[in-house]
Amino acid sequence: MRKLLLVCLAMLLSVNLFDGSLSKARAQNFDLSIYNTADLSDVVDPIMKFFGTIGGAGFVNTAKLHNFGGFDISARVVGVMIPDEYSGIAGLVPDQSGALTSPFKNENLLAFPFLTASVGLFGNLEVMARLFHYPLGDDPLRGGVTLLGGGLKYGLVQTGLIPKVTIIGAYQALMVPDEFDFGTVKIASLKAFASKDFLIFTVYGGGGVDKTYLTVDFAGLPADFNGDYNATNSHGTVGFGATVFPFVKVNGEYNFGTFNSFTLGASVSIR
């Protein structure tokens, strides 16, 4: 593993909140030629797991699936908590003076907004989609950082008074503009959730595995920079939801793993 790989990963993180100012982060100009090839393989895995945490949270607010044609549209915020041991990772992101600092320096919490949607199908199936986008600067041609994802839910148990149980398979891609000189980060997820309704309230919980992939393959770079990298992140989830108005539900959950996180959401749901 080489520092170049970590710079590529950290650039995606830095376009949001790492230097404490979104406007400053958008103005940063990343040039891979300034970096040496110091071996920092011991921090590749945590950074890949960070991506898995972002993409692996906020999948459900209940294990109860929609009927055919029923749908759910949600706005959710995933907050990722940064453990103290990762704040000292050095030499990944340039600060205002050009010195390389940790992408996690002075950060205890990073938040990411999502839009999600689900539609009920036949046979205890439900299809879902997820999206977030961060624009980079004021130039619309420069683009931004985008997550696109989709998945399929299958209801193992959806009848009777016992808790509902659902399994989920999903795939997501984090994409950045070409000027950032690295490939798409991909996240594959497999999860299972159970939930129980109590009048207007829902209690749910579950867990899963998120595997993050990155392929580096650029002409002109040393051969040992290029290759396929992956890391696996497992986690558990406990959550609580409430129907506050007809067809309107709010929820909050806590996810525990290498990086702990929480999700807050509000949705319009017609079953």
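These legends describe close-up views of a predicted model. Local features need pLDDT of at least 70, side-chain atom pairs count only at pLDDT 80 or more, and totals for chains, interfaces and linings use all residues. Residues are numbered from 1 along each chain as its sequence is written, and side-chain values use heavy atoms, with hydrogens and water left out.

View 1. The patch covers about 990 Å². Its members are Phe68, Phe71, Ile73, Val119, Leu121, Phe122, Val127, Leu152, Phe247, Val268 and Ile270. Patches are made of residues with over 30% relative accessible area and no salt bridge; like charges are joined within 9 Å, and nonpolar side chains (Val, Leu, Ile, Met, Phe, Trp, Tyr) within 5 Å. A salt bridge is a side-chain nitrogen of Lys or Arg within 4 Å of a carboxyl oxygen of Asp or Glu. Areas come from the Shrake-Rupley method with a 1.4 Å probe; for residues, only the protein chains shown count as cover. Strand 1 (71-81) and strand 12 (261-270) each supply at least two residues of the patch. Helices (H or I, at least four residues) and strands (E, at least two) are DSSP runs, numbered from the N terminus. Val119 sits in strand 4 (residues 109-120). Val119 is partly exposed, with a relative accessible area of 36%. Buried means under 20% relative accessible area, exposed over 50%, and partly exposed in between (1.4 Å probe, protein chains only).

**View 2. Aromatic pairs.** The whole structure holds 5 aromatic pairs. One of them joins Phe68 and Phe122, stacked at 4.2 Å centre to centre with 10 degrees between the planes. Phe68 lies in the loop between helix 3 (44-56) and strand 1, and Phe122 in the loop between strand 4 and strand 5, so the pair ties together parts that are 54 residues apart in sequence. Phe68 is exposed at 54% relative accessibility, and Phe122 is exposed at 62%. Tyr254 and Phe256 also stack, because their ring centres are 6.5 Å apart and their planes are at 25 degrees. Rings of Phe, Tyr and Trp (its six-membered ring) pair if their centres lie within 6.5 Å; planes under 30 degrees apart count as stacked, over 60 as edge-to-face and the rest as tilted. Tyr254 is partly exposed at 34%, and Phe256 is partly exposed at 42%.

**View 3. Charges over rings.** Arg130 lies over the face of Phe114, 4.6 Å from the ring centre. Phe114 forms one aromatic cluster with Phe112 and Phe132. Lys191 lies over the face of Phe59, 5.0 Å from the ring centre. The test requires NZ of Lys or CZ of Arg within 6 Å of the ring centre and within 35 degrees of the ring normal.

**View 4. The largest nonpolar core.** This core has 23 residues. Phe50, Ile54, Val80, Phe112, Phe114, Phe132 and Leu174 touch the most other members. Helix 3 gives the most, with 5 residues. Other elements that each supply at least two include strand 6 (144-157), strand 8 and strand 10 (227-245). A nonpolar core is a set of buried Ala, Val, Leu, Ile, Met, Phe, Trp, Tyr and Cys residues joined through side-chain atoms within 4.5 Å.

**View 5. Two loop residues with positive phi.** Most residues other than glycine have a negative phi. Asn124 has phi near 60 degrees. Asn124 lies in the loop between strand 4 and strand 5 (125-135), and is partly exposed at 37%. Leu199 has phi near 55 degrees. Leu199 lies in the loop between strand 8 (185-198) and strand 9 (201-216), and is exposed at 88%.
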